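Hi,

Here is the structure I said I would pass on. Have a look at it first, and my notes come after.

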Amino acid sequence: MSTSTHRSTAEKATIGRPAIWRWRVVDIVVASVLGVACGFLFLAWNVGYLGPKALLEPLLPGVQGLLDGPWLIAGVLGGLIIRKVGAAIYVETLAAVVSALAGAQWGGFLTIEAGLVQGLGAELIFLLVAYRVWSLPVAMLAGAGAALAGGINNLILWFAGSDAAFTVVYLICTVISGAVLAGLLGWALARGLAATGALDRFGSGREVRARV
């Protein structure tokens, strides 16, 4: 009788807990796969951005912020697909860990710290809409939030002492990049994956498939 009562109480507590807090095994597995995949994307962009950076920097100091978007997409994807509290932070940070372990040129700790900050920026946007709205505008705001958090972090760690003009140009450019390359592109990628049926165990997948 005691065991039965305890089990009943535990079941009621689980049922009463909002779904956004309950991470299933499949949530952890898919979030981890996303994080590792994005980590390899980060590695590629660590090298790929050098050419465009060399072209943009002489044009206007700070405009290189337009290249930050690909490093921000992991948190947006994690939030849009998993739709659980902490998903954006988890996926973005894991991607940064993969990049750091592979030898990112900015150092292990600072790479992971940047991922955590960027993930937090995206997570705060999903929190503001109470993890209930997953539209394109929200995705773009999440990308912009990740960019703003990451941009401020970069200004403190890498561009300390920069003048006001550089700071304003850099923040505007990185926010635009985050909104478009992380937000818009992340939303399109999430919908594309959902349309294949790969995400049918997630609300994000069922929602898209229901419209097809």
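Below is what I found, grouped by region.

First, the ground rules. This is a predicted model, so local features need pLDDT of at least 70 and side-chain atom pairs count only at pLDDT 80 or more, while totals for chains, interfaces and linings use all residues. Residues are numbered from 1 along each chain as its sequence is written, and side-chain values use heavy atoms, with hydrogens and water left out.

**Salt bridges**

There are four salt bridges in the structure, a salt bridge being a side-chain nitrogen of Lys or Arg within 4 Å of a carboxyl oxygen of Asp or Glu. One of them pairs Asp-27 with Lys-84, at 2.7 Å from N to O. Asp-27 sits in helix α2 (residues 25-48) and Lys-84 in the loop between α4 and α5, so this pair ties together parts that are 57 residues apart in sequence. Helices here are DSSP runs (H or I, at least four residues), as are strands (E, at least two), and they are numbered from the N terminus. Asp-27 is buried at 0% relative accessibility, and Lys-84 is buried too, at 10%. For those words, buried means under 20% relative accessible area, exposed over 50%, and partly exposed in between (1.4 Å probe, protein chains only). Arg-24 joins Asp-27 and Lys-84 in a network of salt bridges.

Another salt bridge links Arg-83 and Glu-207, at 3.3 Å from N to O. Arg-83 is in the loop between α4 and α5 and Glu-207 is in helix α9, so the pair ties together parts 124 residues apart in sequence. Arg-83 is buried at 15% relative accessibility, whereas Glu-207 is partly exposed at 31%.

Lys-53 and Glu-57 also meet in a salt bridge, at 3.3 Å from N to O. Lys-53 has a relative accessible area of 23%, which makes Lys-53 partly exposed, and Glu-57 is partly exposed at 32%.

**Helix α4 and what follows**

How many of the ten residues of α4 are buried? Ten of the ten, so α4 is largely enclosed by the rest of the structure. Among the buried residues are Ile-73, Val-76, Leu-80 and Ile-82.

Ser-204, in helix α9 (residues 203-211), is buried at 6% relative accessibility. A polar atom of the Ser-204 side chain lies 2.9 Å from the backbone oxygen of Ile-81. Not counting residues up to four places away in sequence, Ser-204 touches Leu-80, Ile-81, Arg-83, Ala-194 and Leu-199, where contact means heavy atoms within 4.5 Å.

**Ala-96 in α5**

Ala-96 belongs to helix α5 (residues 87-101) and is buried at 3% relative accessibility. Leaving aside neighbours within four places in sequence, Ala-96 is in contact with Phe-42, Thr-111, Ile-112 and Gly-115. The C-alpha atoms of Ala-96 and Leu-116, 20 residues apart along the chain, are separated by 8.0 Å.

Most residues other than glycine have a negative phi, and most peptide bonds are trans. Ala-130 has a positive phi of about 60 degrees although it is not a glycine, and Tyr-131 has one of about 55 degrees. Ala-130 is in the loop between α6 (108-128) and α7 (136-157), and Tyr-131 is found in the loop between α6 and α7. Ala-130 is partly exposed at 38% relative accessibility, while Tyr-131 is buried at 9%.

**Annotated spans and a surface patch**

The unreviewed UniProt entry annotates residues 21-45, 65-82, 89-109, 115-134, 141-161 and 167-190 as "transmembrane region"; such annotations may be inferred rather than shown by experiment. In the model, residues 65-82 are 56% helix and 0% strand, with end C-alpha atoms 28 Å apart. Residues 115-134 are 70% helix and 0% strand, with end C-alpha atoms 22 Å apart.

Finally, Leu-66, Val-168, Ile-172, Ile-176, Val-180, Leu-181 and Leu-184 make a nonpolar surface patch of about 530 Å². Patches are made of residues with over 30% relative accessible area and no salt bridge, with like charges joined within 9 Å and nonpolar side chains (Val, Leu, Ile, Met, Phe, Trp, Tyr) within 5 Å. Accessible areas come from the Shrake-Rupley method with a 1.4 Å probe, and for residues only the protein chains shown count as cover. Leu-66 lies in the loop between α3 (50-56) and α4 (73-82) and is partly exposed, at 32%.

Cheers

Note on methods. A polar contact is a pair of N or O atoms within 3.5 Å; within protein, one must be able to donate a hydrogen and the other to accept it, and residues adjacent in sequence count only if both atoms are side-chain atoms.
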